[in-house]
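Let's take a walk through a protein model together.

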Amino acid sequence: MHQPFLASAPASLGSAVVPGTLNDSPVQVLIDSGASENFVDFGVCHRLNLPVDEDRSSIGMASSEISVETFGKTTADLNLLDRTYPSSNFRVPKNLCADVIVGQTFLRQHSSVTFMMNGHKEALTIATSAESPDAGRPAVAAADLEPTLFEFLLPDCKPIAAPSRRYSSEDTKFIRSEVQRLLDADIIEPARSPWRAQVLVVKQGEKKRLVMDYSVTINHFTLLDVYPLPKIEDLVNRIARDKYFSSIDLRLAYHQVSLLAEERHYTAFEADGQLFQYKRLPFGITNGVSAFQRSMDEFIKRHRLKKVYAYLDDFTVMGETLGARQKFKMSPRRRC
């Protein structure tokens, strides 16, 4: 008889860990609403002889300073609570806290998922995207901030399709992985556009980053929006009046601000032999900085946030007392 491969899950996660099978072999499955995808431990793949492709990538954890390398992807039949999920897709990292972790890609298949916690308070229900149009969207995007990004175009502006580029096999796999991540996050979408920028793979130490090269396309025809950034000296003077402070660094901040539908075609780019465009503010675009700072200022003004200051994606929240500071809360976004 097969034995589970997990020595022991943390006791604090007991209510979210359930027995299941992967290709008919017993495993312990952690149901994690904070995980974006499904994961299976590398050791489990080895013992079950699951084929793992070589599409390596990094995944961000709950702390934005921590990332974990995955060794590729695999597919297997998952059975959980007498339900079968054939050909489920998993990323493969090492040293998971459970044999298998199922996240949002698994949970979204169901109308609802109930965790029995045996607490003394009444049941807590969190609305799904079907019940609330803002659910599942990043906090800033949910505020319906849609800046005009291409208001200042030169009179001779005309579409340009940058020549296609060739990439190494390693970079091609990275581009394909990044494009899929952006699609899954609803940041980009397939495009029909006369514009076409090309992508660059930039290395920062051991880490790679996908960059859009708009220098010969839309940036070439865009005048600078001179909306000012806050003066550091003024921010310091304001902050010095208070006693308690919090600093909040928005994750993937630009990507939390939606683009106007009629402006998305300007951001079109080629990747993996296809054409895509951004649904949200892209990095590398002229006036991205101005549009984002204006959006943050409008967000603070609209919600009448007191003693909250933004310098691009860095928010400073302060108060004379600890209670005053705690009135402003931003829920941490967990990544797995």
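How many nonpolar, polar and charged residues does the lining of the largest cavity have? Sorted by class, there are three nonpolar, two polar and two charged residues. You can find them by name: Thr 148, Leu 149, Phe 152, Asp 225, Asn 287, Ala 291 and Arg 294. Bear in mind that this is a predicted model. The space inside the largest cavity comes to about 30 Å³, and the count is one cavity of 30 Å³ or more.

By class, the lining of the second largest pocket divides into ten nonpolar, five polar and one charged.

Val 113 turns up again on the surface, where it forms a nonpolar patch with Phe 115 and Met 117. Together these three have about 260 Å² of accessible area. Met 117 sits in the loop between helix H2 (104–107) and helix H3 (169–184). Met 117 counts as exposed because its relative accessibility is 54%, and the cut-off for exposed is over 50%.

For a contrast, look at Ala 98, in the loop between S6 and strand S7 (100–102). Ala 98 is buried, with a relative accessible area of 2%.

On to the charges. Side chains of opposite charge can pair when their charged atoms come close. Here the count comes to ten salt bridges. One of them joins Glu 37 and Arg 91, with the closest N and O atoms 2.9 Å apart. Glu 37 lies in the loop between strand S2 (25–31) and strand S3 (39–40) and Arg 91 in strand S6, so this pair ties together parts 54 residues apart in sequence. Glu 37 is partly exposed at 22% relative accessible area, while Arg 91 is buried at 6%.

Arg 176 and Asp 272 form another salt bridge, at 3.2 Å between the closest N and O atoms. Arg 176 belongs to helix H3 and Asp 272 to the loop between strand S12 (269–271) and strand S13 (274–278), so parts 96 residues apart in sequence are tied together.

Definitions and conventions:
Residues are numbered from 1 along each chain as its sequence is written. This is a predicted model: local features need pLDDT of at least 70, side-chain atom pairs count only at pLDDT 80 or more; totals for chains, interfaces and linings use all residues. Side-chain values use heavy atoms; hydrogens and water are left out. Patches are made of residues with over 30% relative accessible area and no salt bridge: like charges are joined within 9 Å, nonpolar side chains (Val, Leu, Ile, Met, Phe, Trp, Tyr) within 5 Å. Accessible areas come from the Shrake-Rupley method with a 1.4 Å probe; for residues, only the protein chains shown count as cover. A salt bridge is a side-chain nitrogen of Lys or Arg within 4 Å of a carboxyl oxygen of Asp or Glu. Helices (H or I, at least four residues) and strands (E, at least two) are DSSP runs, numbered from the N terminus. Buried means under 20% relative accessible area, exposed over 50%, partly exposed in between (1.4 Å probe, protein chains only). On a 1 Å grid over the protein atoms alone, a cavity is a set of points where a 1.4 Å probe fits but cannot get out, and a pocket is an open set with protein on both sides within 12 Å along at least five of seven lines; lining residues have an atom within 4 Å of a point. Grid points are joined across faces, edges and corners, and a volume is the space filled by probe spheres set on the points. Ala, Val, Leu, Ile, Met, Phe, Trp, Tyr, Cys and Pro count as nonpolar, Asp, Glu, Lys and Arg as charged, and the others, Gly among them, as polar.
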